[in-house]
Amino acid sequence: MVHLGPKKPPSRKGSLADVPRDLLEQISQLEKLFTVDTQKLKAIVAHFVSELEKGLSKEGGSIPMIPTWVMDLPTGTEKGAFLALDMGGTNLRVCEITLLGNRDFDIVQSKYHMPPDMKTGTSEQLWDYIADCLSAFLKAHHPNEESHEFHLGFTFSYPCSQTKINNGILQRWTKGFDIDGVEGKDVQPMLEAALQRKKVPIKVTALINDTTGTMVASNYTDPETQMGVIFGTGCNAAYFDYVKNIPKLEGLVDLDPETPIAINCEWGAFDNEHNILPRTAYDIQIDNDSPRPNQQAFEKIIAGLYLGEIQRLVILDLVNQGFIFEGQGVENLKEAYSLDASFLSQIEEDPFENLTEVEDLFQSKFGIQTTEPERKLIRRLAELIGTRAARLSACGVAAIAQKIGLKKCHVGADGSVFNKYPHFPERGAQALKEIFDWEGTLEENPIKVQPAEDGSGVGAALIAALTLKRIQNGGSVGMTADGERRYLKGLNL
Ligand code: GLC
């Protein structure tokens, strides 16, 4: 069970008493800029619901709403050993998961550091590197088993169109990735070609999104889970909808309309048209300077990759206007993305009233000396940015719940922001309560967003297991051959 902590995040406003008037004025302007009130939350949810629908329609919309061909939930009796590969932003994780048939599992895993320049390197470098890591894992854990073919659940968490469970045509890179020659292509044959070149006996059985993995893995240990969400470097959600509610699948599949199918929403793209989200000048600058401007509007306001950058831009603006750090060199602060979300977390976590930990942080990282009032402003700013992110995130959860009529359920949540950013879960819970006008305490919220099971490990393995079972039973794992041909033709690849 999640610990929601105090009923309301503690307000530190009282401690601003000794802050001089000009800085107080700045704080109050920032509060106006970053606060999202209940009315606005409700308006965003209403628009979000219609955008989710649009994404499922034939015309489509900004939110991709990708059918993943995950059509089963685990029964808990799944058994067998599967490999899982998670291509996250900073690390590559390879796991072997043994499903024990009793809602339990064993896991052996290795982490491989992903060189930072690989995010913007070449496609060959990427796939060769991944194949090398998988090969190293097999050599360590399965020496002399070249004749055995291993089944892999590949967690590739970027928007990919899928015509079947084990492929994925990358629509566009997100989360700062920018590798040429992958967008518009199916990533599965690229990985399998690299595996063949290096003689690694692995087949991609399922290609999944981290959100789908999170939902399935959490449902495995807690059957009340009906949604999977990631609040990390990026931000996204998955849930189950029925084929009959997905007009864009019409004529492409041979499935009973009542079949449930997991949808990878890719909700990071919500409001790419910039109609409703309260974007500040800082958010706009981040978007303009990003490798993909006008994409991932929602994600750029709330995900971990951007929170530190928002804070950095505001601080720099205040420096440039002469409100803080007077007479000090701020060269180090000028480097884009030099503050990350963990920096913000540390600022919010400083337990001392005079914020000496914030003082040390700025001194050691940027060589900047701060006054106590400056630190109080910086802390309030971190609270505002973190709170806005949590409240807006809740809009996505509320929109899905509203769309499918969910009144009560658990939502499995993973990602560095959800797990490590102070007060994020309870701030989100508070927003959900306001959106739905729930009575009672946060602990009594009927929709509970709580820490998930390991989606890209256990979830990927479970989905691989479910896929094999489905194939053995003659079930479908994708579009019909003719549907696939027509769909791919429509993509104009
Ligand atoms: C980005 C990706 C999405 C992923 C999310 C969380 O939004 O596009 O696929 O689920 O980040 O990792």
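Are W127 and F154 buried or exposed?

Guide: Both W127 and F154 are buried. Keep in mind that we're looking at a predicted model. Let's work up to that pair from the wider picture. Searching the whole structure turns up 22 aromatic pairs. Take F48 and F298: their ring centres are 5.3 Å apart and their planes meet at 85°, and since an angle over 60 degrees counts as edge-to-face, that's what this pair is. F48 belongs to helix α2 (residues 38-56) and F298 to helix α7 (residues 297-302), so their contact ties together parts 250 residues apart in sequence. F48 has 0% relative accessibility, so it counts as buried. F298 also comes out at 0%, so it counts as buried too.

Now back to your two residues. W127 and F154 make an edge-to-face pair as well, with 6.5 Å from centre to centre and 85° between the planes. Here W127 sits in helix α3 (residues 123-141) and F154 in strand β5 (residues 150-155), so the pair ties together parts that are 27 residues apart in sequence.

Ring pairs join W127 and F154 with F156, Y158, W173 and F177 in a cluster. Stay with Y158 for a moment: the charged end of K175 sits over its ring, 4.6 Å from the centre. You can find another lysine over a ring at Y242, where K244 lies over the face, 5.4 Å from the ring centre.

Note on methods: Residues are numbered from 1 along each chain as its sequence is written. This is a predicted model: local features need pLDDT of at least 70, side-chain atom pairs count only at pLDDT 80 or more; totals for chains, interfaces and linings use all residues. Side-chain values use heavy atoms; hydrogens and water are left out. Rings of Phe, Tyr and Trp (its six-membered ring) pair if their centres lie within 6.5 Å; planes under 30 degrees apart count as stacked, over 60 as edge-to-face and the rest as tilted. Helices (H or I, at least four residues) and strands (E, at least two) are DSSP runs, numbered from the N terminus. Buried means under 20% relative accessible area, exposed over 50%, partly exposed in between (1.4 Å probe, protein chains only). A charge sits over a ring if NZ of Lys or CZ of Arg is within 6 Å of the ring centre and within 35 degrees of the ring normal.
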